[in-house]
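Hi everyone, thanks for coming.

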Amino acid sequence: MLAPTGSTRLAAVIGSPVRHSLSPLLHNTAFAELGLDWVYVALEIAPGSAIEALSAMRTLGIAGFSVTMPHKEAVAAACDELTADAAALRAVNCVVNNGGRLIGHNTDGDGFTDALATELGLDPAGLRCVVLGAGGAARSIGLALARRGAAQVAIINRTVARAEEAAALFPEVAVVVAPGEAATFISDCDLIVNATSIGMGAEPADGADVPFDTELIRPEHTVVDIVYRPLVTPLLAAAQVRGARTANGVSMLTHQAAIAFTLWTGHAAPIPAMSAAVSSMLVD
Ligand SMILES: NC(=O)c1ccc[n+]([C@@H]2O[C@H](COP(=O)([O-])OP(=O)(O)OC[C@H]3O[C@@H](n4cnc5c(N)ncnc54)[C@H](OP(=O)(O)O)[C@@H]3O)[C@@H](O)[C@H]2O)c1
């Protein structure tokens with residue numbers, strides 16, 4: 001990293017907790033790679049204090065914020081302007097400070113589809129997709145798949161009411177599938193995306209470390225797990241054994257950050273360097 005100067009630009013991630021964030025590593029790697037006079041830091045912002053953080057962003061002239069839990073919805077409500085995706089999702093993960101006017105973006109969905117294109121050469125147009133989960137990440141991914149022409153996006157979630165809320169964002173291609181009826185949809189689809197938190201870290205108390213019966217996976221499937229700790233989740237390990245094409249969560253993480261980087265700096269992001277830096281931190 002270059003030593004900060006009088007003209008160093010500042011970007012930051014706001015969240016709580018935030019000390020575990022990989023965003024400083026991703027963005028500082030990118031600044032160093034391109035020799036940009038920018039610095040990126042993590043700011044612990046208490047729940048309920050997002051509006052004060054945005055006010056400070058204006059006062060201090062901070063060029064960009066990444067936004068993580070629990071502030072995505074509060075920031076969406078407080079920005080001066082939202083992109084179409086951020087408005088639909090009512091969640092912001094990236095703020096651009098345009099001369100004091102704060103523009104809220106949501107780069108998760110485009111990060112996911114950019115990752116599909118780059119890592120797997122996959123275009124969602126015409127694909128039958130299954131998205132497991134109905135939280136913030138699943139909604140962004142489902143919306144992005146629908147916008148890119150997916151033929152169907154089946155949403156399977158433990159809490160069916162949340163799946164119905166997600167489906168309302170892209171009703172033309174969404175199908176809500178109860179967990180008990182998932183098998184047919186999974187067998188017949190092209191792309192399976194795990195957007196639940198199943199597979200992260202320690203095995204949960206109920207013992208399920210994969211989000212569905214992995215015997216359903218065929219070599220024709222593409223399986224993406226957006227969980228990135230561990231790099232190879234039990235779902236990805238099973239999918240690889242069964243001959244499916246796979247991608248892990250580092251690809252989405254890197255591409256959503258790359259979009260933010262370009263919005264702030266105007267430069268194309270050095271994606272291979274960012275991806276290598278974060279993967280080396282996450283080695284199992
Ligand atoms: N790679 C990336 O760039 C990226 C980006 C964003 C998020 N992520 C990862 O994606 C995951 C989801 O994030 P999120 O922000 O969408 O979280 P979220 O809003 O809290 O949603 C969590 C989802 O997981 C489901 N779930 C959790 N535990 C479950 C269990 N034991 N059995 C069945 N379903 C369960 C929840 O179902 P219910 O609705 O029934 O509770 C919900 O659909 C996290 O692991 C996060 O780290 C990765």
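Predicted model: local features only at pLDDT ≥ 70, side-chain atom pairs only at ≥ 80, totals over all residues.

Where they touch, domain 1 brings 13 residues and domain 2 brings 18 residues.

How much area is buried between domain 1 and domain 2? It comes to about 1300 Å², and carbon and sulfur atoms account for 65% of that. On the domain 1 side, please keep three names in mind: Leu 89, Met 252 and His 255. Together they provide 44% of what domain 1 buries against domain 2, more than any other three residues.

Now for the polar side of the story. Between the two domains there is one salt bridge. Asp 85 and Arg 147 join their side chains in a salt bridge, at 2.4 Å from N to O. Polar contacts across the interface of domain 1 and domain 2 number three residue pairs, with both residues at pLDDT 80 or more.

Which elements give two or more residues to the side of domain 1 that touches domain 2? They are helix H4, at 84-89, and helix H10, at 249-265. H10 contributes the most there, with five residues. Sorted by class, that side of domain 1 holds seven nonpolar residues, five polar ones and one charged one.

That's my tour of the interface.

Key:
Residues numbered from 1 in each chain as written. Heavy atoms only, no water. Contact = heavy atoms within 4.5 Å. Buried area = accessible area lost by both parts, 1.4 Å probe. Salt bridge = Lys/Arg side-chain N within 4 Å of Asp/Glu carboxyl O. Polar contact = N/O pair within 3.5 Å; in protein donor to acceptor, adjacent residues only side chain to side chain. Helix = DSSP H or I, 4+ residues; strand = E, 2+ residues; numbered from the N terminus. Nonpolar A, V, L, I, M, F, W, Y, C, P; charged D, E, K, R; others polar.
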